[in-house]
Amino acid sequence: MQQLDYSRIPAHIAIIMDGNGRWAKSKGLPRTAGHVEGVATVKRITEEATRLGVKYLTVYAFSTENWNRPTPEVEALMNLVLTNLEEEIFMKNNVRFRMIGEIGRLPQSVARRLQECMDSTAANTGMTMVIALSYSSRWEIARAARLIADEVRNGTLQADDIDEDCVSSHLMTDFMPDPDLMIRTGGELRISNYLLWQSAYTEFYFTDEFWPDFTEESLHRAILAYQQRQRRYGKTGDQITDEE
Ligand code: IPE
Ligand code: IPE
Ligand code: MG
């Protein structure tokens with residue numbers, strides 16, 4: 001197997017962690033067992049990403065649309081978030097923790113835990129680990145439009161000054177660069193309302209592996225695939241090689 005180039009590790013990796021339910025079903029287990037196993041994968045992959053020198057890891061844990069799932073499954077997922085946010089591990093690994101999404105829609109206990117973790121890890125200087133919870137990109141973009149409209153109304157912003165940077169800075173991801181690599185597990189070839197604006201030039205990697213089966217080696221495979229791509233941003237391949 002080809003070796004990873006440690007000097008070209010993607011700075012920001014975003015992951016759509018999909019396939020927990022089908023993983024469980026294939027083993028004759030309840031869907032919730034898949035989510036429990038999925039949490040174990042999050043911990044493994046976070047640790048490995050830290051080791052590799054990834055600067056930002058953004059994981060999609062619960063979409064706005066996931067509120068439409070059966071209540072017991074939603075409750076089980078919220079409970080897993082509540083019981084697995086471990087400040088100690090973040091502190092040990094110098095990880096800064098952030099959440100993106102509609103925090104006000106989450107159960108109060110979950111919102112409080114999230115806020116505590118964000119506050120206590122805010123000064124950490126290692127990897128930033130971001131969890132997308134009650135998140136959807138269209139919600140986020142509509143929210144940005146409202147914030148911008150407010151500023152125009154207040155007179156703190158001129159409509160003519162609304163450009164791409166202005167939009168980006170009103171998104172919940174304003175504290176990080178756009179993802180370099182987006183991984184989706186579970187075999188579906190879609191983006192499911194995740195980071196639509198931010199992924200304009202992201203490299204996509206899809207794998208059939210269910211999230212609970214995703215290993216450190218799977219992550220390496222995704223990064224290797226990324227390292228074999230040429231990111232052209234609209235230019236020609238020759239222009240890019242000349243720049244290098
Ligand atoms: C991903 O796994 C986790 C969440 C969306 C919360 P799923 O629960 O979507 O698993 P599948 O896609 O049904 O297998
Ligand atoms: C996407 O998975 C959202 C998360 C991984 C949290 P879904 O399982 O909800 O996506 P769809 O509905 O199959 O597109
Ligand atoms: Mg799914």
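Helix α2 gives the largest share of the lining of the largest pocket, nine residues. Keep in mind that this is a predicted model. In this model, α2 covers residues 31–52. Other elements join in. α1, β2, α3, α4 and β4 each supply at least two residues of that lining, as does α2.

Now the pocket itself. Its volume is about 940 Å³. The lining counts 44 residues. Which of them lie nearest the centre? M17, N20, V42, Y60 and A61 do. By class, the lining has 21 nonpolar, twelve polar and eleven charged residues.

Look at the shell around ligand 2. Here the largest share comes from β2, with four residues. The surrounding residues include Y60, A61, F62 and S63. I16, M17 and D18 are also there, and so are N66 and R69. R184, R190 and S192 complete the list. By class, that shell has five nonpolar, three polar and four charged residues. Note that M17, Y60 and A61, named for the pocket centre, also surround ligand 2.

For S192, the distance is 2.6 Å. For D18, it is 3.1 Å. For R184, it is 3.4 Å. How much of ligand 2 does the protein cover? The answer is 78% of the 390 Å² of accessible area that ligand 2 has on its own.

Terms used
Residues are numbered from 1 along each chain as its sequence is written. Chains are lettered from A and ligands numbered from 1 in the order in which they are written. This is a predicted model: local features need pLDDT of at least 70, side-chain atom pairs count only at pLDDT 80 or more; totals for chains, interfaces and linings use all residues. Side-chain values use heavy atoms; hydrogens and water are left out. On a 1 Å grid over the protein atoms alone, a cavity is a set of points where a 1.4 Å probe fits but cannot get out, and a pocket is an open set with protein on both sides within 12 Å along at least five of seven lines; lining residues have an atom within 4 Å of a point. Grid points are joined across faces, edges and corners, and a volume is the space filled by probe spheres set on the points. Ala, Val, Leu, Ile, Met, Phe, Trp, Tyr, Cys and Pro count as nonpolar, Asp, Glu, Lys and Arg as charged, and the others, Gly among them, as polar. A residue is near a molecule or strand if one of its heavy atoms lies within 4 Å of it. A polar contact is a pair of N or O atoms within 3.5 Å; within protein, one must be able to donate a hydrogen and the other to accept it, and residues adjacent in sequence count only if both atoms are side-chain atoms. Accessible areas come from the Shrake-Rupley method with a 1.4 Å probe; for residues, only the protein chains shown count as cover.
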